[in-house]
Amino acid sequence: MKLNELMPSVPKKSRKRVGRGESSGLGRTCGKGANGQKSRSGKGVKPYFEGGQMPLYRRVPKRGFSNALFKKEYAIITLDLLNRFEDGAEVTPEILIENGLVRDLKDGIKVLGNGTLDKKVAVKAHKVSASAKAAIEAKGGSVEIIEVKTFVNASTENK
């Protein structure tokens with residue numbers, strides 16, 4: 001193989017050269033049809049534009065409340081995953097990330113009671129379900145909740 005024999009894997013598609021005379025096939029109006037807003041440069045209107053009529057997204061009443069902006073999403077760990085650690089090990093969010101059991105911490109770690117636990121482990125997590133806590137403590141392990149510091153209202157702090 002020589003440098004002059006190299007070919008691209010996908011052949012190059014020739015670019016449309018518009019406005020180069022009537023015989024080119026894309027002369028005069030350049031394939032954009034007759035006059036009007038869509039024939040001008042800069043495309044035209046947005047897909048949701050309704051020609052000046054009150055648009056649907058403004059006509060439809062907005063009801064209810066969404067708490068989506070403040071929703072907390074936790075990385076989930078089940079009791080089965082805790083069996084991967086040695087007997088008497090301490091399980092923290094850092095160790096879970098290090099071992100690849102959790103990819104992203106998100107808003108914290110939550111331990112759920114799915115599956116069975118065979119080993120004694122000390123768990124440090126942001127949230128623990130009641131069934132998971134009971135299962136861990138039944139095997140002689142311990143559960144520690146990690147407190148996340150949040151904004152404290154000045155009016156409630158003085159009371």
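Colleague: Which residues line the largest cavity?
Modeller: The lining consists of Ile77, Leu82, Val91, Thr92, Leu96, Ile109, Val111, Val123, Lys124 and Ala125. A lining residue has an atom within 4 Å of a cavity point. The model is predicted, with local features needing pLDDT of at least 70 and side-chain atom pairs 80 or more, while totals for chains, interfaces and linings use all residues. Numbering starts from 1 along each chain as its sequence is written, and side-chain values use heavy atoms, leaving out hydrogens and water.

Colleague: What makes a space a cavity?
Modeller: It is a set of points, on a 1 Å grid over the protein atoms alone, where a 1.4 Å probe fits but cannot get out. The structure holds 1 cavity of 30 Å³ or more. The largest cavity has about 30 Å³ of space. That volume is the space filled by probe spheres set on the points, with grid points joined across faces, edges and corners.

Colleague: How does the lining of the largest cavity divide into nonpolar, polar and charged?
Modeller: There are 8 nonpolar residues, 1 polar and 1 charged. Ala, Val, Leu, Ile, Met, Phe, Trp, Tyr, Cys and Pro count as nonpolar; Asp, Glu, Lys and Arg are charged; the others, Gly among them, are polar.

Colleague: Which element gives the most to that lining?
Modeller: Strand β4, with 3 residues. Both β3 and β4 supply at least two. Strands here are DSSP runs of E, at least two residues; helices are runs of H or I, at least four; both are numbered from the N terminus.

Colleague: Which face of β4 is covered, and which is uncovered?
Modeller: Val123 and Ala125 form the covered face. Ala122 and Lys124 form the uncovered one. In a regular strand, side chains alternate between the two faces of the sheet.

Colleague: How do you know that β2 and β4 pair?
Modeller: DSSP must find at least two bridges between two strands. β2 and β4 (residues 122-125) have 2 bridges and run parallel. In that pair, valine 91 stands opposite valine 123. β4 and β6 also pair in the parallel sense, over 4 bridges. There, alanine 125 faces isoleucine 145.

Colleague: What makes a set of residues a nonpolar core?
Modeller: They are buried Ala, Val, Leu, Ile, Met, Phe, Trp, Tyr and Cys residues, joined through side-chain atoms within 4.5 Å. The largest such core has 20 residues. Leu82, Phe85, Leu96, Val111 and Ile136 have the most contacts inside it. Elements giving two or more residues are β1, α2 (79-82), β3, β4 and α4 (130-138). Beyond four places in sequence, valine 111 touches residues including Ile77, Leu82, Val123 and Ile136. Contact means heavy atoms within 4.5 Å.

Colleague: Why does asparagine 83 count as buried?
Modeller: Buried means under 20% relative accessible area, exposed over 50%, and partly exposed in between (1.4 Å probe, protein chains only). Asparagine 83 has 16%, so it counts as buried. The residue is in the loop between α2 and β2. Its contacts beyond four places in sequence are Thr116, Leu117, Asp118 and Lys119.

Colleague: Why is leucine 112 called partly exposed?
Modeller: The relative accessibility of leucine 112 is 23%, so it falls in the partly exposed class. Leucine 112 lies in strand β3.

Terms used
1 Å grid on protein atoms, 1.4 Å probe; cavity = no way out; pocket = protein on both sides within 12 Å on 5 of 7 lines; lining within 4 Å.
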